[in-house]
Amino acid sequence: MSVGIVMLVHDDLHRAAQLARHWQASDCPVVIHVDKSVGQEGYKSLVRALADLEDVMFCERHRCEWGRWSLVAASQTASEMMLANFPEVRHVYLASGSCLPLRPVSELVDYLKERPRTDFIESATTDDVPWTVGGLDKERFTLRFPFSWKHNRRAFDKYVKIQRLLRFKRRVPLGLVPHMGSQWWCLTRQTLSAILEDPDRDKYDRYFKRVWIPDESYYQTLARIYSSNIESRSLTLSKFDFQGKPHIFYDDHLQLLRRSDCFVARKIWAKANKLYDALLTDSEHAMKVAEPNPGKIDRIFSKAVERRTQGRAGLVMQSRLPNEGWENGVTAAQYTILEGFSDLFLDFEDWMARATGARVHGHLFGPERVEYAGREKTFAGCLSDSAELRDYAPADFLRNLLWNTRGERQVFQFGPRDSQDISWFLARDPNASVTVISGAWSVPLFNSNLNFSEIRKVSAEHQKIEADHLDILRSYYTKARVHIYTMADFIQSPMEPLQMIIDDIGSRSNRRLTEAPRMVDLTGFSQFLQNLKNQGMHPYLMGDFPSGNDPRHSAAATRKPYLVK
């Protein structure tokens, strides 16, 4: 008998009973502390379940709470009972009811027998710990924490703020250098008894009762006074995520746990039957003898943290959705936005689809509906064409569309009639390629049958909307690839920007375009713009259209459809 187990239990009592039997079967005495929040009926049933084991004892119960002194008091009470009743114990191992031995207990006993004077406890100064979350590292030792962080967070935060404003600082007891580390330790009898029998224990206890999370600093600090040989590491594998919450191990983590070569792991899911069946086994089927090395699996946990905080490019999961900037890429793939092209060219969507092989949509953010390619009612991933559903979360709508169509280039139209809530999202997305023919929205109005007073009103509204949109695209914060042409400049030389769009999308053919798509008839368009001016509206976004019927503009409608030589 050389290793005694102190178990802190607060739930899943059937697993605690199973683990106690496993420890005791290897001649390790066990002292169990059951949280006082566990009802009497459950507590008595656990006592009855282990009544046949002589070396399993139950200590006085405390009502424990995370981050409070009660967890230290529970381990003190159980440790005192262990030292008093089992004089042959050389090391005391602190574990929980969710800890699971990964290797035969006999290997742990032999390992500690070879190191009779070594204390295994993670113990580092506040300047050397990278894992504290919440900004309270040194302050946890110099401020008071009478309120529960979990159950009275408002009072906790307010009291901390008041102490900071008053510049209040507690004095650390003379001779103590605060250290921190994992709650799960394995101490020699000499060190543990020296801590519990210290003449100044009352003074130390009073001090640590007002320290935040004292179970991670009480033994870690006092062991530095009494231990002659500390290995600053825990023999218990315990991993935490980026928020400081412990990872829970499930059945599919079996090979991962075995790879660590550690003696004990926490926190094990109570319903992980495969883990319990595989690891609470006989020595013949246990892992090979090896030095515990949790660093062997650190890369996997680092990858898990990266996946949770950054994730796959363009896929926003629950853990990242509330945190702006955690997207690891705003969208999943490159896409193209064309503004004014479908207004200026006839059957432009079909032409672009034939020229590039891309999926060419209409106005995805149109006011009446989502205009998918072919005007389908549902698209990839069962995305609806409902404008109401889309506008509930327009950025998420576009993210989903691009994620569901990875590997296929998406092209869609955009203009002043569309919902503008998506403008900043498009501008800040490096995957977006935006080409604008400014003022082209006036062509459908030019060919409409509306009263001219209505045309002037709508033109003024559209021009203001597009001007604001162009300001966003020209913003310092824009990361999209943006090209802006006035309508007048584009009509004079359409081939170069069209070729640039084709090249950017990735045409099926490397040959260059020789013909543009058929343009709408613009005969009389210059006079139309002049009429708008005469009515008091200044249509400046179209560029400098000459007055009268310019043959370059009226002849545009006679161009042949797209041809490639």
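Which side chain meets that of Arg 375 in a salt bridge? The partner is Glu 371, with an N to O distance of 3.6 Å, where a salt bridge is a side-chain nitrogen of Lys or Arg within 4 Å of a carboxyl oxygen of Asp or Glu. Arg 375 counts as partly exposed at 35% relative accessibility; on this scale buried means under 20% relative accessible area, exposed means over 50%, and partly exposed is in between, with a 1.4 Å probe and protein chains only.

The model is a predicted one, in which local features need pLDDT of at least 70 and side-chain atom pairs count only at pLDDT 80 or more, while totals for chains, interfaces and linings use all residues. Residues are numbered from 1 along each chain as its sequence is written, and side-chain values use heavy atoms, with hydrogens and water left out.

Confidence is given as pLDDT, the predictor's confidence in each residue, from 0 to 100. The protein averages a pLDDT of 86, and 90% of the residues score at least 70.

The structure holds 18 salt bridges. One of them pairs Arg 21 with Asp 52, whose closest N and O atoms are 2.7 Å apart. Because Arg 21 lies in helix α1 (residues 13-25) and Asp 52 in the loop between α2 (40-49) and β3 (56-58), the pair ties together parts that are 31 residues apart in sequence. Of these two partners, Arg 21 is partly exposed, with a relative accessible area of 34%, whereas Asp 52 is exposed, at 52%. Glu 231 and Arg 233 also meet through their side chains in a salt bridge, at 2.7 Å from N to O; Glu 231 is partly exposed at 26% relative accessible area, and Arg 233 is partly exposed at 23%.

The cysteines give another view of the model. A search of the whole structure finds zero disulfides, a disulfide being a pair of cysteine sulfur atoms within 2.5 Å. For Cys 59, the closest cysteine sulfur is that of Cys 64, and at 9.2 Å it is too far for a bond; Cys 59 itself is buried, with a relative accessible area of 4%. Cys 186 is likewise in no disulfide, the nearest cysteine sulfur being that of Cys 28, 10 Å away, and Cys 186 is buried at 1% relative accessible area.

Thr 221, in helix α9 (residues 218-226), is buried, with a relative accessible area of 2%. Leaving aside residues up to four places away in sequence, Thr 221 touches Leu 176, Val 177, Pro 178, His 179 and Phe 208. Leu 165, by contrast, lies in helix α6 (residues 153-165) and is exposed, with a relative accessible area of 66%. Together with Ile 162, Leu 166 and Phe 168, Leu 165 makes a nonpolar surface patch of about 410 Å².

How values were computed:
Patches are made of residues with over 30% relative accessible area and no salt bridge: like charges are joined within 9 Å, nonpolar side chains (Val, Leu, Ile, Met, Phe, Trp, Tyr) within 5 Å. Accessible areas come from the Shrake-Rupley method with a 1.4 Å probe; for residues, only the protein chains shown count as cover. Helices (H or I, at least four residues) and strands (E, at least two) are DSSP runs, numbered from the N terminus. Contact means heavy atoms within 4.5 Å.
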